[in-house]
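Hi,

Here is the structure I promised to pass on.

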Amino acid sequence: MSSEVAHSFDALRDIAKKSAQFSVGLPAQEEVREYFSGIGFSLAGYQFIAGMGSVSELLHVPKYTVIPGVKAWVLGVSNIRGRLIPIIDLSRFFGVPSERIRSRDKRILVVEHNDMLSGLLVDHVQGMQHFEQEGLKNTTSEPLSKNIVAFVDVAFNRDGKDWLVFDAKRLVSDARFTSVSLTQK
């Protein structure tokens with residue numbers, strides 16, 4: 001090895017030693033936790049969370065046109081960016097009383113399943129919610145209406161209150177939900 005190459009090699013070795021002396025170690029590896037994330041909303045005093053993949057949009061309650069001959073829980077239809085969306089009063093569909101809050105606080109959760117869009121009127125939206133997966137439980141301490149039970153399998157508990165995991169895709173696939181005409185048998 002020539003003296004020039006040896007000198008360059010020694011210089012690189014010195015740089016490597018100094019870098020190692022002043023380097024900061026990697027952070028301690030913490031336990032990885034899985035989270036369930038979704039849109040939190042309230043309806044009739046219950047707290048729900050709809051998974052992120054099930055809600056495509058949140059809206060203020062739009063103007064809608066009333067449709068004759070449909071069940072009372074179908075408020076009407078609204079044109080949202082060129083697409084007609086039925087506006088469904090979710091508390092009426094479930095047969096539970098809506099919370100008496102200002103109508104300006106109510107929101108529409110737009111859910112899409114296959115090619116069907118539906119706007120679900122809820123009492124209030126709490127925004128993004130995150131729950132540790134290990135907190136998931138298969139039962140709820142809250143007594144639920146039999147109409148709600150069909151769309152809730154599991155819950156998370158936060159501060160002594162259950163957050164019911166709402167299956168919006170199951171709702172829009174349900175025959176009771178898709179049978180809106182008063183004359184259908």
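For the patch that comes next, nonpolar side chains are joined within 5 Å, and residues must have over 30% relative accessible area and no salt bridge. Keep in mind that this is a predicted model.

With that rule, Val61, Tyr64 and Val66 make a nonpolar surface patch of about 260 Å². Val61 sits in the loop between β3 (55-60) and β4 (74-80). Its relative accessibility is 35%, so Val61 counts as partly exposed.

Now the charges: there are nine salt bridges by the rule used here. One of them joins the side chains of Arg81 and Glu57, at 1.7 Å from N to O. Arg81 is in the loop between β4 and β5 (83-89) while Glu57 is in strand β3, so this pair ties together parts 24 residues apart in sequence. Arg81 is exposed at 60% relative accessibility, whereas Glu57 is partly exposed at 26%.

Another pair is Arg83 and Glu112, with the closest N and O atoms 3.8 Å apart. Arg83 belongs to strand β5 and Glu112 to strand β6 (residues 107-113), so parts 29 residues apart in sequence are tied together. Arg83 is partly exposed at 40%, and Glu112 is partly exposed at 33%.

Then there is Asp89 with Arg92, where the closest N and O atoms are 3.6 Å apart. Asp89 is buried, with a relative accessible area of 10%, but Arg92 is partly exposed at 46%.

Finally, a network of salt bridges links Asp153, Asp167 and Arg170.

Cheers

How values were computed:
Residues numbered from 1 in each chain as written. Predicted model: local features only at pLDDT ≥ 70, side-chain atom pairs only at ≥ 80, totals over all residues. Heavy atoms only, no water. Patch = residues over 30% accessible without salt bridge, like charges linked within 9 Å, V, L, I, M, F, W, Y side chains within 5 Å. Areas by Shrake-Rupley, 256 points an atom, 1.4 Å probe, with all protein chains shown as cover. Salt bridge = Lys/Arg side-chain N within 4 Å of Asp/Glu carboxyl O. Helix = DSSP H or I, 4+ residues; strand = E, 2+ residues; numbered from the N terminus. Buried < 20%, exposed > 50% of the residue type's maximum accessible area, 1.4 Å probe, protein only.
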